[in-house]
Structures are given as C-alpha cells and as structure tokens.
Amino acid sequence: MVLKTFGWSFAITALGLIAAVLYGGWEAFGIVAILCVLEISLSFDNAVVNAGILQKMNAFWQKIFLTVGVLIAVFGMRLVFPVVIVAVSAKIGPIEAVNLALNDADRYQELVTDAHPSIAAFGGMFLLMIFLDFIFEERDIQWLRWIERPLAKLGKVDMLSVCIALVVLLVSAMTFATHAHQHGGTHVDKAQTVLISGIAGLITYLVVGGLSGYFENKLEEEEEREHEAEEEAKRSGKKVTVIQLAGKAAFFMFLYLEVLDASFSFDGVIGAFAITNDIVLMALGLGVGAMYVRSLTVYLVRQGTLDDYVYLEHGAHYAIGALSVLLLVTIQYEIPEVITGSIGVLLIAWSFWSSVRRNKRLAAAEGGSGSDDKTEVPSGV
C-alpha cells in the first residue's frame with residue numbers, strides 16, 4: 001500500500017536529487033533536500049484537508065488530482081507563480097522576470113519580497129474563510145467543545161464569516177499594511193494593495209467554494225435516484241444525467257482543491273527564499289515536497305484515516321486558521337518558517353492524540369465491540 005501510493009513520490013525524489021547534483025553539486029543536493037522537508041512540514045495540514053474533499057471523488061478524479069493536479073501544483077505554484085508575481089508587481093514582462101530569476105537572483109528576491117503583502121493578503125483571506133466556515137458549522141462531532149459549541153450557534157447568523165473576514169482584512173490593512181517593510185528596511189504604505197488583494201482572495205473563495213458546494217449538493221440529491229438512473233441508462237443506451245452531474249461536481253471540487261493548494265503554497269514559496277534565491281533549486285525542492293503532499297492525501301483517503309481519527313480534520317482547520325493569521329501578520333513582521341510549520345504540525349498531532357483517546361474510550365464503553373456509533377464522547381481537552 002505504501003509503495004503503491006508513494007511510489008511516484010520516491011521516484012520523483014530520486015530524480016530531483018540527481019538533477020540537483022548535476023545542476024549545482026552536493027551543495028545544491030542539500031538545499032533541495034531542505035526545501036523538500038520544508039514543503040512537507042508546512043503542507044501536512046493541507047494534505048489532511050485535501051483528503052476530506054478528495055474522499056468525495058471517484059477513482060478517476062483522484063487520478064486527475066495526482067496527475068494534472070501535480071502539474072498545476074509543481075509548475076504552476078512552485079515555478080510559474082513566483083515569476084508571475086514578480087512580473088505583475090514590478091510591471092515587467094514575464095520573459096524579463098524569468099531572466100531575472102535565472103541571472104539576477106538578488107534582484108528577483110527583492111521584487112518577490114516587495115510583492116509579499118499582496119500575496120499574504122490574498123492567501124490569508126482565502127485560508128481564513130476556510131477556517132471560519134468550518135468553525136461556524138454545526139457538526140455532530142466536536143473536538144474543542146468549549147470553543148466549537150458556542151461558535152456553531154453563532155454560525156446560524158447569515159454571512160457572519162464574510163463579515164468577520166472583512167473586518168480582519170480592514171484591521172490588517174489599517175495596521176500591518178501601513179507599516180509594511182519594503183526591501184532594504186524602509187516603510188511603505190500598502191493598505192490599498194492589501195485591501196484589493198484580500199478582497200480578491202475572499203471573492204475567489206466565495207466563487208470557487210460556492211460552485212463546488214452547489215454541484216456537490218446537486219450530486220447528493222441525485223444519489224438517491226442513482227441506481228434507477230443507471231439502470232435506465234443501460235436500457236436506453238444513455239449514460240448521461242448522473243455521470244455529467246457527477247463530472248461537474250468533481251470538476252469544481254477539483255478546482256477548489258487547486259485554489260486551496262495554491263493558498264497553502266504561499267508560505268512555502270516565500271519561505272524558500274530564506275534558503276535559496278535559485279529558482280531552479282526552489283522548483284526542484286518544493287516540487288518534490290508537493291508530490292509527497294499529494295501522495296499523503298491519497299493515502300489518508302484510501303486508509304480511511306479521517307474516519308478512524310475523527311479530530312484530524314478539526315486539527316487541520318485550526319492549523320489553517322493559525323496560518324491565515326500568521327500570513328496577515330507577515331505583511332509587517334517576519335516570522336520564521338519553523339514557527340509556521342511547527343504550529344500546524346503540533347495542532348494536527350494534538351488532534352490525532354485526542355482521536356486515539358476517543359477511540360479507546362469508545363472501545364472501552366462498547367466492551368471492544370467496535371461499534372459504529374459516532375455520537376460525541378467528551379474529549380477531555
């Protein structure tokens with residue numbers, strides 16, 4: 001199971017490390033290895049959240065996620081994205097941006113650093129909306145009940161998450177953005193840039209999340225008639241209605257996953273500049289790490305880990321909330337990547353430990369019968 005799921009990741013790792021040695025010797029080998037570990041540690045919460053969405057897709061769309069999705073993640077976010085943000089922020093052409101990335105790494109890093117407030121605002125708002133929509137939703141299983149129970153009641157207020165997100169964005173623009181650091185230590189007022197980028201992140205979440213949710217709900221409505229529809233399709237030679245609807249639902253969930261992965265990638269891409277200015281080594285290291293995140297996502301789905309450890313999804317969303325706040329704070333203050341990565345890992349580890357304790361309590365209560373009852377048992381945390 002492990003080799004089948006992680007086989008491509010192992011192969012890509014070997015090829016990436018060989019390419020690093022050929023490109024820049026053993027020093028490049030070490031840099032790529034460090035970047036790979038950085039990406040995995042920062043994106044573990046991404047894999048847990050992805051698994052919750054991916055388990056709703058069939059085997060075909062899971063393969064699409066591992067093939068086309070990887071190309072988007074590796075080449076789009078880890079290679080093209082840094083070049084695009086430099087081109088847009090510096091108002092230069094993409095070819096000139098690539099030339100800077102390959103031949104003037106210091107200037108390239110300077111331009112990326114200057115573009116960081118807009119990147120942080122976009123990614124921070126997108127991730128914040130994911131966290132708020134999760135925490136305001138009424139659910140049977142609750143982890144930190146003293147937080148989640150009252151917030152779930154507040155979540156009955158329409159558009160509360162959007163209102164809170166806009167307030168957070170406004171506060172960030174009026175505080176962090178007005179004192180954002182420009183490259184070289186000077187200060188610059190980027191409130192307008194942060195506001196526009198943050199609103200763009202919010203709109204992106206609402207559009208993509210709304211479309212995926214709409215088609216997912218439509219799919220669930222049709223599942224009750226799925227068997228009859230399939231039988232009718234076989235008799236008439238038409239396989240249309242259900243399959244097309246499922247395809248739309250899966251497509252928008254796939255699109256949602258890609259935008260989600262892009263937002264999670266911001267801290268890794270920005271953090272990579274603390275290790276190297278070489279865009280080739282950056283793409284190799286972060287690309288290999290992205291492969292492991294993809295494989296880990298599929299592993300969680302196929303093993304049913306989220307069903308066995310019911311608080312993992314909670315821990316991942318709390319990690320998302322923490323990361324969104326940290327991204328907004330980095331508009332002004334520099335936060336070491338080890339802190340952002342450690343917070344996510346600690347929250348997920350805590351939720352895993354809580355899940356194990358819950359399973360032991362359920363087993364003891366049922367006399368080891370392995371009951372499927374999913375009613376909540378106080379977690380004690």
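The points below are grouped by topic. The model is predicted. Its largest nonpolar core has 62 residues, and helix H4 gives the most to this core, with 11 residues. The structure holds 1 salt bridge.

**Packing of H4 and H6**

- Helix H4 spans residues 105–135 and helix H6 spans residues 160–175; their axes come within 10 Å and cross at roughly 145°.
- The crossing of H4 past H6 is right-handed.
- On the H4 side, the contact is formed by Met125, Leu128, Met129, Leu132 and Asp133.
- These meet Ser161, Val162, Ile164, Ala165, Leu166, Val168 and Leu169 in H6.
- By class, the residues of this contact comprise 10 nonpolar, 1 polar and 1 charged.

**Nonpolar cores**

- Within the largest nonpolar core, the residues with the most contacts inside it are Leu127, Ile130 and Leu260.
- Another core, of 11 residues, lies apart from the largest one and includes Val86, Leu111, Val112 and Ile279.
- When residues up to four places away in sequence are not counted, Ile130 touches Tyr205, Tyr256, Leu260, His317 and Ile320.

**Salt bridge**

- The side chains of Arg139 and Glu137 meet in a salt bridge, with an N to O distance of 3.2 Å.

Technical notes
Residues numbered from 1 in each chain as written. Predicted model: local features only at pLDDT ≥ 70, side-chain atom pairs only at ≥ 80, totals over all residues. Heavy atoms only, no water. Axes fitted to C-alpha atoms, helices over the stretch in contact; angles between N-to-C directions. Helix = DSSP H or I, 4+ residues; strand = E, 2+ residues; numbered from the N terminus. Left-handed = near helix turned anticlockwise from the far one by under 90°. Contact = heavy atoms within 4.5 Å. Nonpolar A, V, L, I, M, F, W, Y, C, P; charged D, E, K, R; others polar. Salt bridge = Lys/Arg side-chain N within 4 Å of Asp/Glu carboxyl O. Core = buried A, V, L, I, M, F, W, Y, C linked by side-chain atoms within 4.5 Å. Buried < 20%, exposed > 50% of the residue type's maximum accessible area, 1.4 Å probe, protein only.
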